[in-house]
Amino acid sequence: MTSRQRTADSNSLSPRRRTVVKAAAATAVLAAPLAAAIPARAAEAPAFLHGVASGDPLPDGILLWTRVTPTAEAVPGSGLGPDTEVAWTVAKDKAFTNVVAKGSVTATAASDHTVKADVRGLAPATDYWFRFSAGGTDSPPARTRTAPAADAAVTNLRFGVVSCANWEAGYFSSYRHLAARGDLDAWLHLGDYIYEYGTGEYGTRDTVIRQHAPTHEILTLADYRIRHGKYKTDPDLKALHAVAPVVAIWDDHEFANDAWSGGAENHTEGAEGAWTARQAAAKQAYFEWMPVRPALAGTTYRRLRFGKLADLSLLDLRSFRSQQVAVGNGSVDDPDRTITGRAQLDWLKAGLKSSDTTWRLVGNSVMISPFAIGSLSADLLKPLAELLGLPKEGLALNTDQWDGYTDDRRELLAHLRSNAIRNTVFLTGDIHMAWANDVPVDAGTYPLSASAATEFVVTSVTSDNLDDLLKVPEGTVTALAAPVIQLANRHVHWVDTDRHGYGVLDITADRAQMDYYVLSDKTKANATSSWARSYRTKTGTQKVERTYTPV
C-alpha cells in the first residue's frame, strides 16, 4: 500500500406506534413529497443534485455512482425524464489532466436516473479522482481508492465505521468528521443507511430536527426512491462519499423494522400491500441508489480482499432469516431456524476457513455476542426493550440479533474453534450503542471457556439510544447500566449506551484497533467530534483489551 499522510480529526417498535398507512395514501399523488425531496435547484437541469459516490474497491477497479436530474420534473421516484447519456472520467489528479479511463452510461427513468460504472484496469492501492458529465454539466470531482493487490504485503489499513442514521433525529456530523480525516482506505456502513418510518414516528426525542420525504411511511418503489434521494442531498453524507469508497450492507430499516424473509414487524400485510412487493421495491431502490456490487443478485453478502492483511466478509442478515421468536413463543435454539440461511452460512464458513490473510473481518449488521438483558432493573429494562423493539415485560434477550438464532451462532463459533481460525473480528451496528466484546463459545462459563472471535460494535450516527428514550442528560444511563450489563455479560469489555458517533478501525499485522469517536450534539449541524475510547485485539488472542490512545 502506498504511504500517504494520515491526519487525525481530531424501536420501538413503538408498540405498533405508527398509524397504519391506508392503501389510498400509499398511492396518493406524489407531487408534494417529490418536491420536498430535492432542492429548488432542480430547475437547473441537467444537474447532479445527489452527489457522486464510489464503492466496493477491488485491486484493479472501483464502482462509481451518481444520479443525474435531466429535467426539472425528473425528480426521484417520479418516473419522469428522458434517457440521458452520462459520461464518466477517472484520472490520477483532481485537475483531470492525467485521465486513465473514461466511458459513458445511459440514465433512464427505469433506474430512477441513477447510473453505475464498474471501472476496471486500474492500479492497486492507488488514489484516483472521478467525475460524471451530462449535457455540458460536470458533477463535482470526487476521490476514491482501489484495494491493494491480493498478494500485497500491506502494512496498514484504515476504515471508517458507521451505522444507523435517522434523518429526522439529527444531523450527520459523523460523516463530515470522517470525510475531513483524509486517511481512510474505505468506510463501512453496517446498515440502516435510511429509515422507513413516517415523519415523527421513530426516535427523535420527541423533536423532529429535520423532516424527511416522503412524510408517510415508505411502501412503494417510488417511496423508497424518494427517501434514498432525500438522504443523498445531505451535505455531510455527500462529502464522505466524495472522498473514499463505501462498503455497505443493509439491515432492517432499508426495508421495514425487524424485517425477516417473509415480513417485518413494521409491515401490515394487505393494508400495506404484499411484503414480497415491498421487499422487492426496497431492494431495487437500494441497488439503484447505492454503489454496491452484489456477488449474488438481490443480496448484500459478498467478500472483498485487502492484500494479505485482511479480507472482509459482508453479510445479509435480513433476506434469508426466519421470523424472530416472540418471548414465550418458540425457541431461540431451534436448529430449523436461521439468521443467515444455509447457503450464506456455508459460504461464510468456507471463506473463513480458506482465508490466508492475517485478519478475517466480518461486516455484521446485528450483534453476535450474547447479551443477557434480564438482570437490568425495570427502569432500564423498559426503555431498552423499546429501543430494541421488544416486549417490555419478560424480556430476557434480543431475539432480532444472533441471540435469537443460537444454532447458527453455535455452528459458526464451533467452526472457528475446530479449524483453529484466528483473528476473526465482527464489525457490527444496529443496537445504537458502542461495545467492545469477546465472542465466547459458551457465555455461561466465560471467561473459563474460550473466546472464538472479537466484536466491535459502533453506536448510531443519530438514531435514538437509551438517554434519548429516557430524555435524560447524555451519560446518565451508561453510568447506571454499563456496570450491570458487564456483570451479567463478562465477555463485554465496554458498553456506552448513550452517545452518538462513529468508529475508525485501524489494522496492522499485530493488532486490529477500534477508536470510538462521539459527537457533541447530534441535533446541531456543526457538532464537534472527540475521541472517546479505544479497544484492540492483538493477533492470535481472540480477546479485546483497552488501549489508551487512538491511532
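Reply: The side chain of asparagine 156 reaches the backbone oxygen of isoleucine 507 at 3.3 Å, and a polar contact of 2.9 Å joins this side chain to that of aspartate 506. A polar contact here is a pair of N or O atoms within 3.5 Å; within protein, one atom must be able to donate a hydrogen and the other to accept it, and residues adjacent in sequence count only if both atoms are side-chain atoms. The model is predicted, and local features need pLDDT of at least 70, while side-chain atom pairs count only at pLDDT 80 or more and totals for chains, interfaces and linings use all residues. Residues are numbered from 1 along each chain as its sequence is written, and side-chain values use heavy atoms, with hydrogens and water left out.

Asparagine 156 lies in the loop between strand S8 (142-145) and strand S9 (157-162), where strands (E, at least two residues) and helices (H or I, at least four) are DSSP runs numbered from the N terminus. Asparagine 156 counts as buried because its relative accessibility is 12%; buried means under 20% relative accessible area, exposed over 50%, and partly exposed in between, with a 1.4 Å probe and protein chains only.

Strand S6 (residues 127-134) has six of its eight residues buried, so it is largely enclosed by the rest of the structure. Five bridges join S6 to strand S3 (residues 84-91), again antiparallel, with tryptophan 88 opposite phenylalanine 132 in S6. S6 is also joined antiparallel by two bridges to strand S7 (residues 137-138), where alanine 134 stands opposite threonine 137; S6 and S7 form a hairpin with two residues between them, and glycine 135 in the turn has a positive phi of about 55°.

Turning to the rings, the structure holds 21 aromatic pairs; rings of Phe, Tyr and Trp (its six-membered ring) pair if their centres lie within 6.5 Å, with planes under 30 degrees apart counted as stacked, over 60 as edge-to-face and the rest as tilted. Tyrosine 195 and tyrosine 202 are stacked, because their ring centres are 5.1 Å apart and their planes stand at 25°. Tyrosine 286 and phenylalanine 287 form an edge-to-face pair, 5.7 Å centre to centre and 85° between the planes.

Trp167, Phe172, Tyr175, Trp187, Tyr193 and Tyr231 form one aromatic cluster. The ring of phenylalanine 172 has the charged end of arginine 210 over it, 4.6 Å from its centre; such a placement requires NZ of Lys or CZ of Arg within 6 Å of the ring centre and within 35 degrees of the ring normal. Tyr231 is also one of the buried residues of helix H4, and helix H4 (residues 221-231) is largely enclosed by the rest of the structure because 10 of its 11 residues are buried.

Definitions and conventions. Pairing = 2+ DSSP bridges.
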